[in-house]
Every structure is written in C-alpha cells, then in structure tokens.
Amino acid sequence: MLNFERYVPQEAFSYKERTWIDKELTKAPRWCSVDLRDGNQALIKPMNVDEKIEFFLMLCELGFKEIEVGFPAASSLEFDFIRQLSDRKLIPDDVYIQVITQARRQQIIKTFEAIEDMPRVIFNVYNPISRLQRDVVYHKDAGEVKYIATSAAKLVKELRWEREFEGEFIFEYTAESFSGADMKFALDVCQAVKDIWEPSPYNPMIINLPATVEDHMPHVYADMVEWMGANLTDRDSFSLSIHPHNDRGTGTAAAELGLLAGADRVEGTLFGNGERCGNLDILTLAYNMFSQGIDPGLNLENEPYIQEVYERCTGMKVDDRHPYSGKLVFTAFSGSHQDAINKGIHMMERTGSKIWQVPYLPIDPSDIGRTYEAIVRINSQSGKGGVAFVLESYYGYRLPKAMHKEFAKIIQAISEVKGEIQPAEVFEAFEDNYIRVNGAVEFLGIGITDTAFDHGERQTLVKLRFKLRGEEMELSGLGNGPIDAAQQALEEAMHVRMRILDYTEHALSAGSTAEAVAYIQLLDQETGRIAFGVGRSSNTMRASIRGLFSAVNRLFYPEEIKKNDEAL
C-alpha cells in the first residue's frame, strides 16, 4: 500500500477576485522556444553545435520570434554556439535570441560577452524564490533572496550602458520556483526588480512566472498568475510570461488557464522535452488553439517534418499516443469509432461543408501534414464500419451496408489469429472470399440470343455457359434481364430456388479503362440463408453475372469453396 501519510497537500493559493474563469482564449500568445537550453539540458546526450544550429533554423522556419539559445556562462560549447549564430549571420532580422543566466555577477558579465553585437536580445536573469529552495538549497532568508534579484537587475542595467549595447534589449526576470513561493514575497521580489529596471510601455520588460515544479492543480497556478498581474504596478510596462512544467501531467492545462489569467507570453518546448516530465509542449498548446479556430501564429502545417528533425537532433522519440503527433492518434481500432469516422467523412463530402466535423477526429490530419492512411487499423476489436472504410478509402469498393457485417465477420476471424492486419490483407481477404471464389460453379460465358415481349413485358433470353462440379453445361434462361435469365438457368441446373434480395453496382475508376463492380445479395428460398457475392469486369453485364456466380457458390456450396482453398 502506498505510504500516503508521508505527503501533505501543497498550500493552495486562492484568488477570490479571479476573472479568468469566465474568459475564453481568442488569440495566440507570444511564443518563446526554450528547446536549445531548457530542453537540451535534459537530454541524455545534449545536442552538438551542428545539431543545435539545425534545430535553431527549424525554429525560425516555424515562425518563432523569441528563441532561448543557451546559457553562455555554463560552458564553452554554449558560448561558442551563441557566437556562431551571430558570426555566421544565422539570426533572422525579426528574431530575438534569448540568453539565460543565474543572478550572479560573473555569469552576467560572461553573458554580456556572448551577446556582443547581437541585434535583438532578451536577457533572462533568474533566481529561486520558493521557501523550499531558500531553506534547503541556498540557506538564505527572504531578504537575502530579494537582494540577489535586485542586485542582478542593477548589474544588468549598468552593463547594458557601460558596454554600449546598441541592439534591441529586453530584460526578463524569472522568479524561479514561482509556483512554490509565497505570493506576497513573489510580488515583493518582482516589484523590486521592476522598479530598478524602470520599464515603460515603450520599453517593456518580461516578468516570467514558471511552474518550475508543477505542484498545484492548474486552476491554482491560474489564480497565482492573475493575482500577480493585478498587483504588479504599471501593467502596460511589462509582459507577463509563464513557463509551465509537466510534473503532474497537466502542463498544457496550466498554460491554457494561465493565458486566461492574463499571461501574454509562453515559454515551452517542442513535444514537451525537458527535465523530469518535461516542459509545456508548445505544439500541443498551439494545435489545441488551431482546433478551436484560433490562428496559433506558427507554421505548423508539416508536423512530420518537425518530428523528424526533433527526433534526429535530440535522440528522443515521440510517443505513439502523443497528442496530434503520435503515429496512433489519428487511428481508430474500435469498430464503433471506425464507423463514426467513416460516416463523418461521407457527411462532409455530401454536404460540401468547409467546417471540419468528424467524430473522434478533433482536426483533419491532412491540415498538419498527416494522411488518412493510418486512420483505421483493423484487429479483432474492429467493427463492420472500419472494415468497409478500408476497402473504400484504399481500394474504391463501396460495399452495400447490408454486406458490412458479413465481411466484417471474415476479417474478425482472421485477426483473432493474426492480430492486427493491414489494409492490403483486408483487400486480399475480400478478393479471396468474393472475387476469386473457387467453388463448385464456374462461370464460362454468356450471350444474349434474343429479346422479346411476354404479356407486354420485355424478356431477355440468354445462353449461359458454366461448369457445375467440373461438368461443362450450356443452358438457356428467360428473364426480365440478363441477371434474372442467368438465375433461371442456374436454378434449373442446380435444382434450387433462389431470389436476389439486393443488387448494386458502381465504377471502380473513371475513364475508358474503368472497371465495374457489382454486389448481389442472394436468398436460398428453401433454407432462408443469405449470402453476398461480388463480380468485377470492364463489362457491366459480365460483372453482374460474376457477382451472381460468386453469391451462388458462397450460398449453396460453402464447404466446397473451403475444400478448394485447402487444396490451393
């Protein structure tokens, strides 16, 4: 049994005047990717310079305007990478690079060396402010922690002018472990830093409030964010930024509620890479907005490309069930889900709707570079709708609704032995059971010899050639069309009574080389048993007759089909 008594609930902050609960997201935030530092430091094998450059260029291509590129005082590799971005002129004109440093004098000085001659910089200074960090890690009281933050702000301000930094410069203060801090102290520290920097609406700063360790439910984080925004002075002189982690698995929810609470900037990583359970996944948050009709402001229409670069450069793998990106997220195994997807897509085709509304698929996979190829997967849990969808979407066969259940039973029997089966195997089973039926009755040919009127109705006389258990026969039949006439001839030869319950046909493709496919549902009037048959030919009449022979074999001679299959 879990020893739950070792743990106590985190003290939850509650903002009674909250307004975020009645708001809705209507626009995307300012995005800042922290993949190249916060994400990179969490990798088993951190990226080398070439990999970081490739990743940086992809982030620019995706439309990120703020990119945290590293901690230049942490290592020579970090420093050299940042300098290469500048020296090789790899930074687009509209992109701010973000550098991060602890609130320590030597690290701040080293960071200024790294950004020399940079055109646009966000200078991010952080120090932990939570009671746990103060007591356990730094052994400092509240006043000492506040002094560290304000001293760093003063130093950055002084060095900016001393070194005559001419580029655009945005100061960011990150109150690390904000989510574990006393709110009055967090406000005191952030306000003191802001007062020293003296931002204005024309020269704003960034105040970053990270859930460094996610230790509250998302609504508590939202209350904290809104309270800070409401109590810091001169709200138009700073951007309120959030940096959620995912320790409780609710990083995305915390980010969405934080945006409702007044944050206008988000820091995160692609696919949520980061320490422990990771950072906020920017892609998930952006695609969530996209699914609600909000432009995320990023170029995310080629998700497979993003994933390929990410996995190659980081050595990480995107989970099969990762939102929007996993290889199984646009896949339905359940029969009822498959049927609903099939119906939803057909409904959109019939109505010509421009609005995406398909059950179980929150977005159209093709909008983000995915395809329909893997939407329906067939196993023993799959239903009739999914099997029919595979045949239609992959091979063009539109099975009559009454036939779905019959064919689904065949596929289910195969999958119970093999497990999951691929579309090609579904089609092979369809061909074996309906098209290439090797049974007791074999169609050889048909000819229409005459057309006459009988009691005012047009009648068709045919000569039907076929084999019955190897014996070649030629019989005439008279009916109201070639199929009916052929049916009469077979009834005479086989000494049975049958009735066609359903007949449908369609073209498999367009053009002069198109083939027709015919589906015939046949009833044995003696036993009441029913079976479908399918015929295919470039000639519509021959497709129909072949469908009749397929149905006859499957209805009257199923055991002989089985024997012949075993012999093959």
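## Aromatic pairs

In this predicted model, the structure holds 19 aromatic pairs. One of them is formed by Phe 171 and Trp 197, whose rings are stacked, with 4.5 Å from centre to centre and 25 degrees between the planes. This pair links distant parts of the chain. Phe 171 belongs to strand 5 (residues 168–176), whereas Trp 197 belongs to helix 7 (residues 183–197), and the two residues are 26 residues apart. Phe 171 and Trp 197 are both buried.

A further aromatic pair consists of Phe 443 and Phe 549, and its geometry is tilted: the centres are 5.2 Å apart and the planes stand at 50 degrees to each other. Phe 443 lies in strand 9 (residues 441–454) and Phe 549 in helix 17 (residues 540–556); the pair therefore ties together parts that are 106 residues apart in sequence. Phe 443 and Phe 549 are likewise buried.

## An aromatic cluster

Aromatic residues also come together in a group. Tyr 394, Tyr 395, Tyr 397, Phe 407, Phe 427, Phe 430 and Tyr 434 make up one aromatic cluster.

## Charges over aromatic rings

Rings of phenylalanine also take part in contacts with charged side chains, as at Phe 79 and Phe 185. The charged end of Lys 110 is placed over the ring of Phe 79, at 4.6 Å from the ring's centre. Arg 134 lies over the face of Phe 185, and here the distance to the ring centre is 4.8 Å.

## A nonpolar patch on the surface

On the surface, a nonpolar patch is formed by Leu 132, Val 136 and Val 137, which together have about 300 Å² of accessible area. Val 137 is located in helix 5, a helix that spans residues 131–138.

Is Val 137 buried, partly exposed or exposed? Val 137 has a relative accessible area of 46%.

Strand 10 (residues 457–468) and strand 11 (residues 471–479) run antiparallel and are joined by nine bridges. Within this pairing, Thr 460 stands opposite Gly 479, a residue of strand 11.

How many residues lie between the strands of this hairpin? There are two residues between strand 10 and strand 11, and in this hairpin Arg 469 adopts a positive phi near 50 degrees.

Methods
Residues are numbered from 1 along each chain as its sequence is written. This is a predicted model: local features need pLDDT of at least 70, side-chain atom pairs count only at pLDDT 80 or more; totals for chains, interfaces and linings use all residues. Side-chain values use heavy atoms; hydrogens and water are left out. Two strands pair if DSSP finds at least two bridges between them. Helices (H or I, at least four residues) and strands (E, at least two) are DSSP runs, numbered from the N terminus. Patches are made of residues with over 30% relative accessible area and no salt bridge: like charges are joined within 9 Å, nonpolar side chains (Val, Leu, Ile, Met, Phe, Trp, Tyr) within 5 Å. Accessible areas come from the Shrake-Rupley method with a 1.4 Å probe; for residues, only the protein chains shown count as cover. A salt bridge is a side-chain nitrogen of Lys or Arg within 4 Å of a carboxyl oxygen of Asp or Glu. Buried means under 20% relative accessible area, exposed over 50%, partly exposed in between (1.4 Å probe, protein chains only). Rings of Phe, Tyr and Trp (its six-membered ring) pair if their centres lie within 6.5 Å; planes under 30 degrees apart count as stacked, over 60 as edge-to-face and the rest as tilted. A charge sits over a ring if NZ of Lys or CZ of Arg is within 6 Å of the ring centre and within 35 degrees of the ring normal.
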